[in-house]
Amino acid sequence: MPFVDLVSKEDYASLWYYTNSPYNNVGDFKPERPTIVMLHPFIMDSTWCYPQLDDPRLNENYNIVILDTRLTGKSVCKFSGKYDLWVAAADIAHAFHHLRLPAAHIFASEVFVLVALRLAILFPELCLSLTLCNVPPEEERKDVLNSLDDILSLWCHAQDLATFEHANRDLLEFAAGKRLGKAGGGSPQNSISDRNREAYRDVLGSLGSAERHLASAHADKLVEVELEDELVSFWQTTYPPFRRSYLMSFIQTFCHDRIPLTADELAQIEMPVMIMQAANNALYPVKYAEALRKKLVGVPNGAMLQLVHGRVGFITLVRSSIVNQLFSKFLATLERPGPHDECAASSLKFTMSRALQRLSLLKKDPSMRQRDVLTPLSFSCCDDETAQKHIELVKSYAKGQRSAFSPLGADGRPIRKFSERKDHWLSEEDLDGQDEVRRESFHKPPAVWVDPPPSSDEKDDVASLATFSISRRSEYSSGSTIEKVPTRSDTRKSVQKQLIRLLR
């Protein structure tokens with residue numbers, strides 16, 4: 001099985017990894033190809049780097065290894081409150097040695113950008129370059145942490161499926177940027193054309209301009225819903241309420257207990273760096289990427305900054321085509337390493353001892369040199385108080401979790417798709433401007449709903465829409481009959497049927 005076992009007297013971890021080789025192991029790597037080591041997106045695992053593995057620009061020219069941290073994916077470990085971002089970087093260095101990997105190009109996104117930076121600081125001989133996607137702040141903002149804590153409190157203590165799915169929706173909006181489709185994600189036509197490009201064009205060609213616009217918007221919705229279903233299904237099976245301590249240990253380490261890097265530490269990075277940042281994302285503003293670029297004073301010719309259009313958080317997933325293109329072009333400008341340039345030639349003890357000395361000098365703590373160099377936990381910069389707080393938090397969430405609500409069926413799969421849910425009574429999202437109408441008629445008897453009159457303005461006035469719908473309900477309640485007239489819904493349904501046939 002593709003695991004890397006890290007065993008010592010005080011610690012144990014088994015890191016899962018995934019490769020682009022035919023048999024999912026590093027033994028099939030082609031020595032003439034450069035190596036890429038990837039860290040997966042926030043609150044996901046290595047399987048969610050499939051857009052990079054499936055791209056021939058990367059898959060056919062590089063050996064690719066994707067690593068799970070000890071708190072994500074299929075990895076297992078002995079829990080320790082000392083685990084922090086420095087230890088995560090040391091884990092990756094151990095994986096380099098045990099897998100006999102040469103120096104590699106590092107690709108990381110979201111919170112794992114901070115791990116990649118620490119890896120480059122302590123182990124520069126392992127890193128040929130850094131590609132960082134959606135750089136977060138070194139220390140998370142309090143309002144972001146408060147919002148995340150509220151979502152996870154609802155998530156971990158949900159008592160029914162509707163409440164749990166409401167927490168799923170909130171985390172989608174928090175991490176991805178409102179909604180995947182509405183946040184400026186990748187073109188759904190790319191996904192559809194891979195299956196039946198010509199048929200899709202034929203359908204659009206047979207429609208009028210207004211219907212063509214509606215078909216394109218509906219295709220957006222189809223891809224958005226499919227991606228949301230897959231992502232929420234992964235969360236429900238990986239982080240259900242009965243595994244809430246597992247989720248909170250990750251959140252506490254990678255979101256709450258972050259110690260900012262100093263200017264001297266960032267100045268140690270001397271390999272080429274490219275940063276890709278979503279242009280309008282609220283969780284990862286461009287100012288964080290610009291601030292990091294200014295601090296990387298040791299990078300030759302300065303770090304590159306590329307803005308990716310859109311507001312979505314997961315740009316490596318939703319905007320993968322653009323990200324992969326920029327990444328492959330960046331790698332093409334770099335000098336290719338020799339086929340036998342392996343860092344594994346040096347002993348593990350020598351590599352770790354040298355890195356621990358670097359950390360000791362940067363932290364101005366000579367006592368670090370006395371630690372066991374073969375244990376990744378020796379690189380921890382957590383004080384005893386923070387480590388104890390981490391342990392107590394995880395214990396508090398572990399209490400009673402075995403009897404917590406399960407969103408899974410007897411087969412271990414989610415009971416239903418996220419898109420099949422009904423609106424939860426806590427929901428306040430605005431769907432096409434009809435939120436005010438829905439709240440007004442929440443406890444009223446059912447009524448006949450008719451689409452609002454067609455309008456060229458996409459931002460219909462909520463008050464006029466409410467008045468129109470209320471008048472229709474009053475006609476129904478008074479006993480008068482309503483004549484069914486063709487609406488935009490009829491056109492939408494007909495286009496939907498044609499597109500669904502293509503996707504099947």
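Let's start with salt bridges: this predicted model has 13 of them. One links the side chains of Arg358 and Glu125, with 3.8 Å from N to O. Where do these two partners sit?

Now look at Arg258 and Glu140, whose side chains meet in a salt bridge at 3.3 Å, N to O. Arg258 belongs to the loop between α9 (244-256) and α10 (263-266), and Glu140 to the loop between β7 and α5 (142-156), so this pair connects parts 118 residues apart in sequence. Are these two buried or exposed? Both Arg258 and Glu140 are buried.

Arg141 and Asp143 form another salt bridge, at 3.2 Å from N to O. Here Arg141 is partly exposed at 27%, and Asp143 is partly exposed at 45%. Salt bridges can also share partners: Asp11, Arg70 and Asp91 are joined that way into one network.

The axes of α3 (residues 85-98) and α14 (residues 348-363) come within 11 Å and cross at roughly 160°. Since angles over 145 degrees count as roughly antiparallel, that makes α3 roughly antiparallel to α14. The crossing is right-handed. Which residues make the contact? On α3 they are Trp86, Ala90, Ala93, His94, His97 and His98, and on α14 they are Leu348, Met352, Leu359 and Lys363. Sorted by type, that gives 6 nonpolar, 3 polar and 1 charged.

Key
Residues are numbered from 1 along each chain as its sequence is written. This is a predicted model: local features need pLDDT of at least 70, side-chain atom pairs count only at pLDDT 80 or more; totals for chains, interfaces and linings use all residues. Side-chain values use heavy atoms; hydrogens and water are left out. Axes are lines fitted to C-alpha atoms, for helices over the stretch in contact, and angles run from 0 to 180 degrees between N-to-C directions. Helices (H or I, at least four residues) and strands (E, at least two) are DSSP runs, numbered from the N terminus. Angles under 35 degrees count as roughly parallel, over 145 as roughly antiparallel, 65 to 115 as roughly perpendicular and the rest as oblique. A crossing is left-handed if the near helix is turned anticlockwise from the far one by less than a right angle, and right-handed if clockwise. Contact means heavy atoms within 4.5 Å. Ala, Val, Leu, Ile, Met, Phe, Trp, Tyr, Cys and Pro count as nonpolar, Asp, Glu, Lys and Arg as charged, and the others, Gly among them, as polar. A salt bridge is a side-chain nitrogen of Lys or Arg within 4 Å of a carboxyl oxygen of Asp or Glu. Buried means under 20% relative accessible area, exposed over 50%, partly exposed in between (1.4 Å probe, protein chains only).
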